[in-house]
Amino acid sequence: MNTTAISPAAPAHIEARGVCVDFTVAGRTNRVLHDVDLSVPKGGFVSLIGPSGCGKSTLLKVLAGLLPPTLGRVSVAGVTPIEAVRQRRIGIVFQEPTLLPWKNALDNVAMLMEVAHVGKTHEEIRQRATDMLRLVGLEHAANKRPSQLSGGMRQRVSIARALALDPEVLMMDEPFGALDAITREEMSDFLLEIWERTHKTIVFVTHSIDEAAFMSREVYVMATNPARIIEVMPIALPYPRNEDSYAAPEFARATGHLRHLLKQGHRQVQAA
Amino acid sequence: MNTLAEQAGAGANIRAGLGRLLPSFLLFAAMLVIWEGVARLFKLPEFVLPAPTSIIRVLIERQGPLSIAAWVTATEVLFGFVLSAVVGAAVALVIARFAAFGRALYPLVVLFQTVPKIALAPLFILWFGFDLFPKVALIVVIAFFPVAINMLVGLQSVDPNLVALLRSVGASRNEILMRIQIPNSLPYLMAGLKVAVTLAVIGAIVGEFAGAQAGLGYMIQFASTQMETSLVFAALIEVSVLGLLFYYVIEFIEWRYVDWVPRTD
């Protein structure tokens, strides 16, 4: 495994060592994640990429405290993921926006803050929600219900909701997977902008090679049988990245190598 | 511009709706004309099949006793329906909120549903007499089930990711119930209420058949023993209108308050 990308000098913000996850269905135990090591520095942007069934979403769930690992050790900001969630250090964005259809965009953003009892008044919560909507460029849509918004706008509301509690880490599980290609690229630009402005640590699950290479500092490439990380690949493109980054030689080199790795993993599965 | 377009859209919708109803209306009118023709042509005795015109005449001439009967039945339906809604919603909430108790209760509710409830009517007369209460009780046992089942589906069909998100910020079971599950269940509840309200009308009529001193069901039974078939039909029409009115009250409440559900129309 290529571990040169993990700089020993930078203290890890998110760290996983020897993480395994087993699922038992009908008495049969399957290992859905095998011996995963991962290290993300504070303010890093890491993508997890791989074919369906490689355990990338499972790994994200473990990092986000939604699923306890069977074996291994995970820490986020120095504590366990569950404790980090409790301290509101982790914001989660799913593939579906998971908004409340009966509430407008502003109330959807405010919803988690209200439930979290953050010690803010109603006005302060609404102000914060308005600020978050402005951050994602949707202040004009505050009174619109999810059904009146496009897919990309709904996902922006979902991101605003995750950012509202000011987490240090954003865990994103294929957040743009349901969007069309153009909207997807726009959302990549938008997320990078948010990242550069807010300095969040981002873990981003995707199966789009371009998306992973364009946004990430490091791409963790995963494979199936057993579900594991096969390579950690740094992307040496300078930030801020924009449309020109897609034309850079480094982008071509990175995507080429990622494509090669994923195909290799695919062939191994078919050979096995 | 938007509002203008929407207004124009609404106007067009109403016109389109009326346009869609027009064929049904014409068909209904044609059936009435044929009915009238058959009744007159074959000179059928009134107690066998009264002509529509004579039913309308009875509706007008006997409107006093008919409206008193309609009022009695409407009261039974209203109380019975509201209580069915409350009982049905309570059953669903208890099953959804208290999982262990719910697992015990749910099979019993289903078992109870398989009892032919109409057969309980004579029992209720025996226990509760001939007034409002036995009818309300019969309506509740008939009509609470669709309310409970529909609302339960709505409470349980919440996006698990949303629940995980709320849990992650420390939401309690009650908060998840209040903020997500109950609002999520409202469209399902409305569907259950629409079924329940038609069942409530049936329950009231059956309850009156089993033993009553007033109401449209009582009137139907009484009139048929007197061979006043026109009056039977007149009372039947009032029952249908009553059911229709209650149904559209629910539709209106849904349209007004549960307005986030995408509509096909």
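Reply: In this predicted model, helix 3 of chain B passes helix 10 of chain B in a right-handed crossing. Helix 3 of chain B covers residues 63–97 and helix 10 of chain B residues 229–257; their axes are 10 Å apart and the packing angle is about 35°. On the side of helix 3 of chain B, the residues that meet helix 10 of chain B are Leu66(B), Ala69(B), Ala70(B), Thr73(B), Ala74(B), Val77(B) and Phe81(B). Their counterparts in helix 10 of chain B are Ala234(B), Ala235(B), Glu238(B), Leu242(B) and Phe246(B). Sorted by class, this contact comprises 10 nonpolar residues, 1 polar and 1 charged.

Helix 4 (residues 122–135) and helix 5 (residues 151–164) of chain A have axes that come within 9 Å and cross at roughly 130°. Helix 4 of chain A is therefore oblique to helix 5 of chain A, since only angles over 145 degrees count as roughly antiparallel and 65 to 115 as roughly perpendicular. Their crossing is right-handed. Helix 4 of chain A contributes Arg128(A), Ala129(A), Met132(A), Leu133(A) and Leu135(A), which meet Ala160(A), Leu163(A) and Ala164(A) of helix 5 of chain A. Of the residues in this contact, 7 are nonpolar, none is polar and 1 is charged.

Helix 5 of chain A also lies across strand 5 and strand 6 of chain A, running at about 170° to strand 5 of chain A. These strands belong to an open sheet of 6 strands in chain A, with the order 5-6-7-3-8-9 and mixed pairing. Strand 5 (90–93) and strand 9 (228–234) of chain A each have a single partner strand, so each edge strand has one side without a neighbour in the sheet. On average, and with direction ignored, neighbouring strands are turned by 15° against each other.

At one end of that order, strand 8 (residues 218–223) and strand 9 of chain A pair in the antiparallel sense over 6 bridges. Tyr220(A) has Val232(A) in strand 9 of chain A as its bridge partner. Helix 1 (residues 56–63) of chain A packs on the sheet as well, touching strand 3 (45–49), strand 6 (169–173), strand 7 (201–206) and strand 8 of chain A. The direction of helix 1 of chain A makes about 155° with that of strand 7 of chain A.

Between the chains, 15 residues of chain A are in contact with 15 residues of chain B. Helix 3 (residues 105–116) of chain A gives the most to the chain A side, with 3 residues. That side has 10 nonpolar, 2 polar and 3 charged residues.

Key:
Residues numbered from 1 in each chain as written. Chains lettered and ligands numbered in written order. Predicted model: local features only at pLDDT ≥ 70, side-chain atom pairs only at ≥ 80, totals over all residues. Contact = placed C-beta atoms within 7 Å. Helix = DSSP H or I, 4+ residues; strand = E, 2+ residues; numbered from the N terminus. Nonpolar A, V, L, I, M, F, W, Y, C, P; charged D, E, K, R; others polar. Axes fitted to C-alpha atoms, helices over the stretch in contact; angles between N-to-C directions. Parallel < 35°, antiparallel > 145°, perpendicular 65-115°, else oblique. Left-handed = near helix turned anticlockwise from the far one by under 90°. Pairing = 2+ DSSP bridges.
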